[in-house]
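Work through these exercises with the sequence and the model side by side. Try each task before reading its solution.

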Amino acid sequence: MATRNDPSTVVEQRESRVAPPPMYQVVLLNDDYTPMEFVVIVLQKFFSMTRENATQVMFAVHREGRGVCGVYPRDLAATKVEQVSSFSRQHQHPLQCVMEEA
């Protein structure tokens, strides 16, 4: 049995690489009831977008049926989804916000 000071013992150091955490897109889905201005407010409030960027994403939601608000680690993405969903319900809008693995 080799001991720590035994010269016949070879210790290899391996680089351990930790994979970055999976990232998730937070996505708003289009509906026929939520006002466009409310979507812009949500994007500014919860995703720190400028009015111009928020308007661009809002039009993507309107035209394409969905718009990406940002990409985050899972916990942060889930928090954003809950914040937007709660805020939308409080204001009686059916705006849907989901997260998808990026």
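**Exercise 1. Cysteines**

Is C69 buried or exposed? Then decide how many disulfides a search of the whole structure finds.

Solution. The model is predicted.
Step 1: take the accessibility of C69. The relative value is 7%, so C69 counts as buried.
Step 2: count the disulfides. The search of the whole structure finds zero disulfides. C69 is in none, and its nearest cysteine sulfur belongs to C97, 5.4 Å away.
Step 3: apply the cut-off. A disulfide needs two cysteine sulfur atoms within 2.5 Å. The sulfur of C97 has its closest cysteine sulfur in C69, and 5.4 Å is too far for a bond.
Step 4: check the partner. C97 is also buried, with a relative accessible area of 7%.

**Exercise 2. The setting of T34**

Locate T34. Which residues is T34 in contact with, leaving aside neighbours within four places in sequence?

Solution. 
Step 1: T34 lies in the loop between β1 (23–29) and α1 (36–47).
Step 2: classify it. Its relative accessible area is 12%, so T34 is buried.
Step 3: list the contacts. With those neighbours set aside, T34 touches V39, H93, P94 and L95.
Step 4: A polar atom of the T34 side chain lies 3.3 Å from the backbone nitrogen of L95.
Step 5: compare sequence and space. T34 and A54 are 20 residues apart in sequence, and their C-alpha atoms are 15 Å apart.

**Exercise 3. Salt bridges**

How many salt bridges does the structure hold? Describe each pair and its exposure.

Solution. Side chains of opposite charge can pair when their charged atoms come close. The structure holds three salt bridges.
Step 1: start with R51 and E37. Their side chains meet in a salt bridge, at 2.9 Å from N to O. This pair links distant parts of the chain: R51 is in helix α2 (residues 51–64), E37 is in helix α1, and they are 14 residues apart. R51 is partly exposed at 42% relative accessibility. E37 is partly exposed too, with a relative accessible area of 39%.
Step 2: turn to R66 and E100. Their salt bridge has an N to O distance of 2.7 Å. Distant parts of the chain are linked here: R66 sits in strand β2 (residues 66–73) and E100 in strand β3 (residues 96–101), 34 residues apart. R66 counts as partly exposed at 32% relative accessibility. E100 is partly exposed, with a relative accessible area of 29%.
Step 3: finish with E82 and R89. They form a salt bridge whose closest N and O atoms are 3.5 Å apart. E82 is partly exposed at 45% relative accessibility. R89 is exposed at 54% relative accessibility.

**Exercise 4. A nonpolar patch**

Which residues make the nonpolar surface patch of about 210 Å²?

Solution. 
Step 1: name the members. The patch is made by M23, V68 and V71.
Step 2: M23 is in strand β1.
Step 3: At 33% relative accessibility, M23 counts as partly exposed.

**Exercise 5. Positive phi**

Examine S48 and Q92. Where is each placed?

Solution. 
Step 1: take S48. This residue is not a glycine, yet has a positive phi of about 50°. S48 is in the loop between α1 and α2. S48 is exposed, with a relative accessible area of 67%.
Step 2: take Q92. Its phi is positive, about 55°, although Q92 is not a glycine. Q92 is in the loop between α3 and β3. At 74% relative accessibility, Q92 counts as exposed.

Definitions and conventions. Residues are numbered from 1 along each chain as its sequence is written. This is a predicted model: local features need pLDDT of at least 70, side-chain atom pairs count only at pLDDT 80 or more; totals for chains, interfaces and linings use all residues. Side-chain values use heavy atoms; hydrogens and water are left out. Buried means under 20% relative accessible area, exposed over 50%, partly exposed in between (1.4 Å probe, protein chains only). Helices (H or I, at least four residues) and strands (E, at least two) are DSSP runs, numbered from the N terminus. Contact means heavy atoms within 4.5 Å. A polar contact is a pair of N or O atoms within 3.5 Å; within protein, one must be able to donate a hydrogen and the other to accept it, and residues adjacent in sequence count only if both atoms are side-chain atoms. A salt bridge is a side-chain nitrogen of Lys or Arg within 4 Å of a carboxyl oxygen of Asp or Glu. Patches are made of residues with over 30% relative accessible area and no salt bridge: like charges are joined within 9 Å, nonpolar side chains (Val, Leu, Ile, Met, Phe, Trp, Tyr) within 5 Å. Accessible areas come from the Shrake-Rupley method with a 1.4 Å probe; for residues, only the protein chains shown count as cover.
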